[in-house]
Amino acid sequence: MTEDHGSPVFTGIIPARYASTRFPGKPLADILGKPMFWHVYQRAVQCSLLHRVYLATDDERIYRAAGELEVPALMTSPEHHSGTDRIMEAARQLGLARQSVVVNIQGDEPALEPKILDQLLKPFVSATGVCVTTPARWIDSLEAKSHNTVKVVISQSGRALYFSRNPIPWSHDGSGPFLGHIGLYAYRYDTLEKFQQMKQSFLEQTEKLEQLRLLEAGIPIDVVVTRYTCHGVDVPEDISRTVQLLQERQK
């Protein structure tokens, strides 16, 4: 596919690893009669800006199931330590152009709102110099206290200044406001390649947040503020909530 009127080609990649400490075989978990990865794919292809979407897996069972359900899939190495490494291998297999945009779509988001992907990609169409985008939403002070919820502070131009597991910015009364980060990313191919080749940085290792590697290297991250919320599946007990969300959207 060629780029149209200066707009890059957008490719979504869904990393789907079989091994998981808390939920082995998670991509194949049954949700309303279909495996989880199928739901993620169906939500992703509803994004109006994505040109194509692929599943990137390390497991033959997932790969075969994808083929049976006509979900485009790529086999990748089982040695990858992160989803970012996996989507980089998939992007290389696809031979993407260096100025194309690769979207890392979490494989455990079967109730993903497609419009959040459109919001994630629009800066690449409307602005120049965009290297990476990621979404965030306003959260209350109670949610901000959780170390599982990553917070981000942004500049007046909307670029990330810092990410932390602690509430930022710090205030005397703890009232905020706070922006909660959502773990979706869109990268220029050449930025993704540079990111994957860099060693882990000091702040990344300290906070256990890989996006800090980009900021420490001086690579800007444009933050898209959204009203949508993601509902990831971390453990089997989360499936019932996901089924409820999907059924509500079908009404």
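A salt bridge is a side-chain nitrogen of Lys or Arg within 4 Å of a carboxyl oxygen of Asp or Glu. In this predicted model, local features need pLDDT of at least 70 and side-chain atom pairs count only at pLDDT 80 or more, while totals for chains, interfaces and linings use all residues. Residues are numbered from 1 along each chain as its sequence is written, and side-chain values use heavy atoms, with hydrogens and water left out.

**Salt bridges**

- The count by this rule comes to eight salt bridges.
- A network of salt bridges links Arg92, Arg98 and Glu193.
- Glu204 and Arg213 meet through their side chains in a salt bridge of 2.8 Å, N to O.
- Glu204 is buried at a relative accessible area of 5%, and Arg213 is buried at 10% (buried means under 20%, exposed over 50% and partly exposed in between, with a 1.4 Å probe and protein chains only).
- Asp222 forms a salt bridge with Arg159, with the closest N and O atoms 3.2 Å apart.
- This pair links distant parts of the chain, 63 residues apart: Asp222 lies in strand 12, and Arg159 in the loop between strand 8 and strand 9.

**Helix 9**

- Helices (H or I, at least four residues) and strands (E, at least two) are DSSP runs, numbered from the N terminus.
- Helix 9 comprises twelve residues, 239-250.
- Ile239, Thr242, Val243, Leu245 and Leu246 are buried in helix 9.
- The buried residues of helix 9 pack against strand 2 and helix 1 (contact means heavy atoms within 4.5 Å).

Conventions: Expected span 1.5 Å × (residues − 1).
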